[in-house]
Amino acid sequence: MAAASRAAFTSIPLFHEKLLKSNRILAVCGAGLSAASGLPTFRGAGGLWRNHNAIDIATPEAFEANPGLVWLFYAYRRHMALQAKPNPAHYALAELARKKSGFRCLSQNVDNLHVRAHHPPAQLSLLHGSLFSLRCSNSPTCKWTDPYNTADPLCPALSPASESNLDPTKPLPLLDPSKPLAEIPASELPHCPECKTGLVRPGVVWFGENLDEKMLDDIDAWIERGEVDMVLVIGTSSFVYPAAGYAERARTEGRTSVVSVNLEITGKDWGRMREGDFGFEGDAAVLLPELLGPVIGELELPVE
Ligand SMILES: [Zn+2]
């Protein structure tokens, strides 16, 4: 059945027909969406930062053991995200939100590019937080937060993460594992202005930490409020958590189309698609404006 339906799964006219009839639309976005803006994902192959696996430094334990190193990793990611620009896919999703009040976007990306593309905030849930929000390492005991801070560098000790690469043929010393990093003592990192004892930490969800409960309740309530016509899964696999979980929960058999937009869709993934689903392989920045065109019209990209 899967092989026979491949043409239907990839038909843009059939997708447009379904999109025009869809009112409640959920999107789940992953790192592939921001890859088109030039941001590295730090996951999977080539996902190393210096000689560290992101899984080893994006944890509360790593921050406790070496906050200077963890902060350099995040300071570098903040710097990179500030240099990057939202791509047409971010703008297309923001425009879809303005055109369809029943559209809700969940994103795993912490780079702030949805926000910079002016996605309506009430229709956006940042599952893993943001590189540009700060909180206290004593949270939840200490409630201090700074919801939006784009200082680059955040403090003088983190300035090696904000250096521009003057010779693009060579890696930045920061990224070259053969060049040792000067250890940054905790005393040189920003401290919480409220409790004074905690360190300021990035407002992202680390491995081993829970997602914000209120946000999850809010998403659940949205899913339960009515049948979902379409689930767009962008820049991540629709068969991998968390997108797979949302796609399954939102699916009403015979009504909901699950739509994968990703650089690569595996043979196994094609085989698991059901009637009415769609798969579009390629760069989301190219595909989304075309796919959403009948609703959002011609995209006007702002000059940043
Ligand atoms: Zn504090």
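Predicted model: local features only at pLDDT ≥ 70, side-chain atom pairs only at ≥ 80, totals over all residues.
Biologist: Which residues are the protein donors of the zinc ion?
Modeller: Donors are N, O and S atoms within 2.8 Å of the metal (3.2 Å for Na, K and Ca); water is not among the atoms, so sites may look incomplete. Along the chain the donors follow the spacing C-x5-C-x49-C-x2-C. Their SG atoms lie 2.3 Å from the zinc ion, and the residues are Cys136, Cys142, Cys192 and Cys195.

Biologist: What is the arrangement of the four donor atoms around the zinc ion?
Modeller: Four donors count as tetrahedral if all angles lie between 85 and 135 degrees; four count as square planar and six as octahedral if opposite donors are over 155 degrees apart and all others between 65 and 115; anything else is irregular. Here the four donor atoms subtend angles of 103 to 116°, so the arrangement is tetrahedral.

Biologist: Is Cys195 buried, partly exposed or exposed?
Modeller: Buried means under 20% relative accessible area, exposed over 50%, and partly exposed in between (1.4 Å probe, protein chains only). Cys136 at 0% counts as buried, as do Cys142 at 8% and Cys192 at 1%. Cys195 has a relative accessible area of 26%, so it is partly exposed.

Biologist: Where is Cys192 found, and which residues does Cys192 touch?
Modeller: Helices (H or I, at least four residues) and strands (E, at least two) are DSSP runs, numbered from the N terminus. On that basis Cys192 is in the loop between β7 (145-146) and β8 (200-204), and Cys195 is in the loop between β7 and β8. Contact means heavy atoms within 4.5 Å. Not counting residues up to four places away in sequence, Cys192 touches Cys136, Cys142, Trp144, Gly198, Leu199 and Val200.

Biologist: Which residues does the UniProt annotation "binding site" cover?
Modeller: UniProt positions are given in the numbering used here, feature names are shortened, and annotations may be inferred rather than shown by experiment. According to the unreviewed entry, the annotation covers Cys136, Cys142, Cys192 and Cys195. These residues are spread over 60 residues of sequence but cluster in space, with a largest C-alpha distance of 9.0 Å.

Biologist: Where does UniProt place the feature "active site", and what lies 3.5 Å from a polar atom of that side chain?
Modeller: The unreviewed entry places the feature at His128, in the loop between β5 (124-126) and β6 (129-136). Leaving aside neighbours within four places in sequence, His128 is in contact with residues including Ser107, Gln108 and Val204. The atom 3.5 Å from a polar atom of the His128 side chain is the backbone oxygen of Gln108.

Biologist: Is Arg104 buried or exposed?
Modeller: Arg104 is in strand β4 (residues 103-107). Not counting residues up to four places away in sequence, Arg104 touches residues including Ile25, Leu124, Asp218 and Trp222. With a relative accessible area of 8%, Arg104 is buried.

Biologist: How far apart are the C-alpha atoms of Arg225 and Arg24?
Modeller: Arg225 lies in the loop between α9 (213-224) and β9 (230-234) and counts as exposed at 58% relative accessibility. Arg225 and Arg24 are 201 residues apart along the chain, and their C-alpha atoms are separated by 9.9 Å.

Biologist: What is omega for the peptide bond from Ser139 to Pro140?
Modeller: Pro140 lies in the loop between β6 and β7. A cis peptide bond also joins Tyr241 and Pro242, with omega about 5°. The bond from Ser139 to Pro140 is cis, with omega near 10°.

Biologist: What is the phi of Lys196?
Modeller: Lys196 is in the loop between β7 and β8 and is exposed, with a relative accessible area of 60%. Asn112, with a positive phi of about 75°, is buried at 7%. Lys196 is not a glycine, yet its phi is positive, at about 65°.

Definitions and conventions. Residues numbered from 1 in each chain as written. Heavy atoms only, no water. Polar contact = N/O pair within 3.5 Å; in protein donor to acceptor, adjacent residues only side chain to side chain.
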